[in-house]
Amino acid sequence: MVSSRQGFPSWISAASGTRIDFEGNADNMLKTAHDDSTTQKPKAVADVNLSFEESAFSAAGAAFISAIIVNPLDVAKTRLQAQAAGVPYKTCFETNTMFPDMRSSQSCSRLVVGSEPLCPPECHRYTGTLDVFYKVIRQEGFARLWRGTNASLALAVPTVGIYMPCYDIFRDSMEEFTTNNAPTLTPYVPLVAGVFARSLACISCYPIELARTRIQAFKETKSGIKPAGVWKTLVGVINPVTSTNCIQNLQNYRILWTGLSSQLARDVPFSAICWATLEPIRRELLVSVGDEAGAGSILGANFAAGFVAGSIAAAVTCPLDVAKTRRQIEKDPVKSLEMTTRKTLREIWRDGGMKGLFAGLGPRVGRTGPSVGIVVSFYEVVKFALHYRHEDHE
């Protein structure tokens, strides 16, 4: 993408110098800005001064912070969706003097017959996001809200490290091409760039996503046993399908990509909606700031745009997220390989209707909005800081 102002990334100067009609027409200002930039031939900050490694570093740092902050909401979302799929959660424990570490929920009125507690039905179900938080803290401990954080970090850092820099590369290249050859297609560049970048990142890191979902969905029922990590979880996925035939084993490893089509079916429209919404909001906010945009203005504009865009995209794609979770938590290897996104969505509709399709909507939106805002704003601010560090050394 061509930059029209020295000292700012290309999308900032584009925000100040152009305005795009999303019905398919580009303003005359776009052509004027392009003509001016062609004459002046300044350097594009995002394209010249920052290497792919620096962009990946910016994105990985953003992903690290986001994954830690929003992980409790991710746990709540996954458990609500897994519960809707039939995963049992015994959320009431008998107080036992022999095992003092086993926590009991005071919200359950229990009658003890022998050694088995009899709880009312609500004790065995999560009723919402706050109920998940309450019962997890009471029965498993506060730290369990960050269950799967290692997997989230192992997933988020490489995924976003691929996703954000590739989005920048695809967007800048396509915008330069469409500006010169097909201006009416320029408004759709963020949508297409987001789809390509997200697909590449998703396919590359999918087994870790599978492990994270399983870690968060299933609670450890035996006291004193350390929960399985990413590697142990993936080994547990592979073991039921191993054989003595090496070629057959290689084919069976495809089970690590179980549910990939559901993941792509969720992430491709998510990215398309998110970036198509985020870019115009960000540009409008930066237009209101003007030429003197500093780190604070960039942070605020990107966080606000990311929060709104991420929340909208998360709500729209929630049924596809439910289908993804249901496919990933299926422990029968034969059935999991036979499942498809369409069949899974039909099963969800048959079993739970509209409520089933939007299970976990609250924590999903509550997690994704801030997460997108944090990632995008941190990423752009670090790029901004790295750019000025480069300028100081020149």
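Thr258 counts as buried because its relative accessibility is 5%, where buried means under 20% relative accessible area, exposed over 50% and partly exposed in between, with a 1.4 Å probe and protein chains only. Thr258 sits in the loop between α9 (246-252) and α10, and its C-alpha atom is 6.7 Å from that of Ser336, 78 residues away along the chain. Helices (H or I, at least four residues) and strands (E, at least two) are DSSP runs, numbered from the N terminus.

This is a predicted model, in which local features need pLDDT of at least 70 and side-chain atom pairs count only at pLDDT 80 or more, while totals for chains, interfaces and linings use all residues. Residues are numbered from 1 along each chain as its sequence is written, and side-chain values use heavy atoms, with hydrogens and water left out.

**Other buried residues**

- Gln81 is part of helix α4 and counts as buried at 2% relative accessibility.
- Gly161 belongs to helix α6 and is buried, with 9% relative accessibility. From C-alpha to C-alpha, Gly161 and Ala60 are 5.0 Å apart in space and 101 residues apart in sequence.
- Ala305, in helix α11, has 0% relative accessibility and so counts as buried. Ala305 is 20 residues from Leu285 in sequence, and their C-alpha atoms are 8.3 Å apart.
- Helix α12 is largely enclosed by the rest of the structure, because 10 of its 11 residues are buried. Among them are Cys318, Asp321, Lys324 and Arg327.

**Cavities**

- Rolling a probe the size of a water molecule over the atoms shows where empty space is left.
- At least two lining residues come from each of α4 (52-84), α6 (149-181), α7 (189-217), α10 (260-289), α12 (318-328) and α15 (361-393).
- The lining of the largest cavity divides into 18 nonpolar, seven polar and 11 charged residues. Here Ala, Val, Leu, Ile, Met, Phe, Trp, Tyr, Cys and Pro count as nonpolar, Asp, Glu, Lys and Arg as charged, and the others, Gly among them, as polar.

**Helix packing**

- Helices α6 and α7 pack at an angle of about 170 degrees, and their axes are 6 Å apart. They are therefore roughly antiparallel to each other, a label given to angles over 145 degrees.
- The contact of α6 with α7 involves 21 nonpolar, six polar and five charged residues.

**Nonpolar core**

- A nonpolar core is a set of buried Ala, Val, Leu, Ile, Met, Phe, Trp, Tyr and Cys residues joined through side-chain atoms within 4.5 Å.
- The largest such core has 26 residues, and Met164, Trp275 and Leu278 have the most contacts inside it. Two or more of its residues come from each of α4, α6, α7, α10, α11 (295-316) and α15. Helix α6 gives the most to this core, with seven residues.

How values were computed: Axes are lines fitted to C-alpha atoms, for helices over the stretch in contact, and angles run from 0 to 180 degrees between N-to-C directions. Angles under 35 degrees count as roughly parallel, over 145 as roughly antiparallel, 65 to 115 as roughly perpendicular and the rest as oblique.
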